[in-house]
Amino acid sequence: MNGLRLPSQQQIYDTAPRWLQRLLVNAEAVRREWFRRHGDYQRLVADHDPAWYYRPRAEQEAWQLAQLNRLLAAARRRVPHYRRVLPDRPLASLAELPSLPMLNKEQIRRNPFDLVADDLDRRTLWPRKTSGSTGTPLTFYLDREATRHHQAPADAMLAALGCRFGEPRARFSGAYVAPYTRTKPPFWIWIDLYRQLQCSAYHLAPEFYPHYMRALRESGVVYGTGYPTAWHLLATYLLESGDQPPRLRAIITDSEGITLEQQAVVEQAFGCPMVQTYGTGEIGQMAWQCEHRRYHVLSRAAIAEVVGEDGLPVAPGETGQIVVTTFAGAGTPFIRYQTGDLATLAADDCPCGRHSLSWLAIEGRIDDRIKTPDGRWIGRLSHVTKPGVGIKESQIAQVAPDRIVIRVVPAPDFVPESMQAVVEAARRYLGPTMHVEWEIVERLPRTRAGKLRHVVREIEL
């Protein structure tokens, strides 16, 4: 037995026949469901009735304050980190939130169990890891209560869109479906427990689009979820080829964002509404788009602040970092957690009639910004490619302190001359000391989780 190396789980999966692969993914689904939807889960879903968000803002905030003080008291009592840093007093109003310390990713990396309650059995925790698209991956732990509270508001909002969990659906994500070196379909697998066609986002190449589309039609899925960039790629294929889309009620996306123009392309191609959501693995889904394209915070699930570099709330209409406190329980709490993401705070109530806090836009990550030679940080750059004609996808990369490259994947109707207007738009925002170039690429790189970053820095600053 000396020197014998057993195959890894991935090697077993890769070499298994199709029927065994399906059995393995369903076994993993059973494990995840034990965390997500067992026990009194349906009561939790009912607690997140979407009608709540139409109640007056003052009523919502009074409920949040009571929940917050219960959370603070329990976290002080049970969790080592919060026992040290939280003041031993309740808050009189949500306006006092900035008096509490914020939690950053580096604190979690140093000791993830410092954020876990003393009275929890570590063997019952779910270890989670972010993709690390902007740096070192983050490992953290969630208990069963937290995972159920993360899932419940998402399922409640799905149901409000007529897309109930358990109905056939398709999902595009970074979940491992097939070896990255595979050069022929299938790049998807059916998960019976979820009634979900799990599709790989890694294998989306033009020669495979017709195969993906055929799988979506033949599986009978009635709604879609997952990466919006994946759905946008398929949408452009549909409009260019005239291929037949599946009949979907809605497409609800997560994990990343696309522009409103790209969102409109998806809706046109698939003939159904598309809703973008915001959340992270640490805090769950906690903001959804309404019909007016604003992101509404799910105030029954979390408190969301938008703060400046000083940690204080930004003014309406300004952009700041999203800081989140979740109501997912005191076993593995995230209190004033710095997500690293940016949002623009709305100045008024939304015309849709919901009164929960709303954002005009999610601007990406703090790390997804360009630094100009004169020291400015510029993050909102997706709009500079609007003058371009026939751009399927684009990415702005800073490759030197004074140089950026705009990479574009062309559509059949691409007009190279239109890129001059794109370059000029970029120069207006970045200034005369930044050299701006553009180039055509066949495909833009994805992160380890299969996501597309629209702005990247390829140098250390």
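Biologist: Which hand does the crossing of α9 and α10 have?
Modeller: The crossing of α9 and α10 is left-handed. Keep in mind that this is a predicted model.

Biologist: What angle do the axes cross at, and how close do they come?
Modeller: Helix α9 covers residues 228-241 and helix α10 covers residues 260-270. Their axes cross at roughly 55 degrees and come within 8 Å.

Biologist: Why call α9 and α10 oblique?
Modeller: Roughly parallel needs an angle under 35 degrees, and roughly perpendicular runs from 65 to 115. The α9 and α10 axes cross at roughly 55 degrees. The two helices are therefore oblique to each other.

Biologist: Switching to rings. How many aromatic pairs are there in the whole structure?
Modeller: The search finds 19 aromatic pairs. One of them joins phenylalanine 113 and tyrosine 141, and this pair is stacked. The ring centres are 4.4 Å apart, with 20 degrees between the planes.

Biologist: Where do phenylalanine 113 and tyrosine 141 sit in the chain?
Modeller: Phenylalanine 113 is in the loop between α6 (105-110) and β1 (126-129). Tyrosine 141 belongs to strand β2, residues 139-142. The pair links distant parts of the chain, 28 residues apart.

Biologist: Is tyrosine 141 buried or exposed?
Modeller: Buried, at 19% relative accessibility. The cut-off for buried is under 20%. Phenylalanine 113 has 23%, so it counts as partly exposed.

Biologist: Which residues form an aromatic cluster?
Modeller: One cluster is made of Phe172, Phe187, Trp188, Phe208, Tyr212, Trp231 and Phe270.

Biologist: And cations over rings? What sits over phenylalanine 165?
Modeller: The charged end of arginine 37 does, 3.5 Å from the ring centre. In another case, arginine 144 has its charged end over the ring of tryptophan 34, 4.1 Å from the centre.

Biologist: Salt bridges next. How many?
Modeller: The count comes to 29 salt bridges.

Biologist: What does arginine 31 pair with?
Modeller: Glutamate 28. The closest N and O atoms are 2.8 Å apart. Both residues lie in helix α2, residues 18-36. They are 3 residues apart, about one turn of the helix. Arginine 31 is partly exposed at 34% relative accessible area, and glutamate 28 is partly exposed at 29%.

Biologist: What about aspartate 40? Which side chain does it meet in a salt bridge?
Modeller: Arginine 148, at 2.0 Å, N to O. Aspartate 40 is in the loop between α2 and α3 (41-47), while arginine 148 is in helix α7 (residues 144-160), so the bridge ties together parts 108 residues apart in sequence.

Biologist: Aspartate 40 and arginine 148: how is each one classed for accessibility?
Modeller: Aspartate 40 is partly exposed at 35% relative accessibility. Arginine 148 is buried at 11%.

Biologist: Which residues are in the salt-bridge network with Asp40?
Modeller: Arg43, Asp47 and Arg148 are linked with Asp40 in that network.

Biologist: What is the partner of lysine 105?
Modeller: Lysine 105 forms a salt bridge with glutamate 282, closest N and O atoms 3.2 Å apart. This pair links distant parts of the chain. Lysine 105 is in helix α6, and glutamate 282 is in the loop between β8 (274-280) and β9 (284-289), 177 residues apart. Both count as buried: lysine 105 at 19% relative accessibility, glutamate 282 at 2%.

Biologist: Backbone now. Which peptide bond is cis?
Modeller: The one from proline 185 to proline 186, with omega near 10 degrees. Proline 186 is in the loop between β3 (169-173) and β4 (188-191).

Biologist: What is the phi of arginine 195?
Modeller: Phi is near 55 degrees, a positive value in a residue other than glycine. Arginine 195 is in the loop between β4 and β5 (196-200). It is partly exposed at 40% relative accessible area.

Biologist: And arginine 336? Buried or exposed?
Modeller: Arginine 336 is buried, with a relative accessible area of 2%. Its phi is positive too, about 50 degrees. The residue lies in the loop between β12 (319-326) and β13.

Biologist: Last one. Where is glycine 340?
Modeller: In strand β13, residues 337-345. Glycine 340 is buried at 10% relative accessible area. Glycine 320 is 20 residues away in sequence and 9.7 Å away in space, C-alpha to C-alpha.

Terms used: Residues numbered from 1 in each chain as written. Predicted model: local features only at pLDDT ≥ 70, side-chain atom pairs only at ≥ 80, totals over all residues. Heavy atoms only, no water. Phe/Tyr/Trp six-rings, centres within 6.5 Å; stacked < 30°, edge-to-face > 60°. Helix = DSSP H or I, 4+ residues; strand = E, 2+ residues; numbered from the N terminus. Buried < 20%, exposed > 50% of the residue type's maximum accessible area, 1.4 Å probe, protein only. Lys NZ or Arg CZ within 6 Å of the ring centre and 35° of its normal. Salt bridge = Lys/Arg side-chain N within 4 Å of Asp/Glu carboxyl O. Axes fitted to C-alpha atoms, helices over the stretch in contact; angles between N-to-C directions. Parallel < 35°, antiparallel > 145°, perpendicular 65-115°, else oblique. Left-handed = near helix turned anticlockwise from the far one by under 90°.
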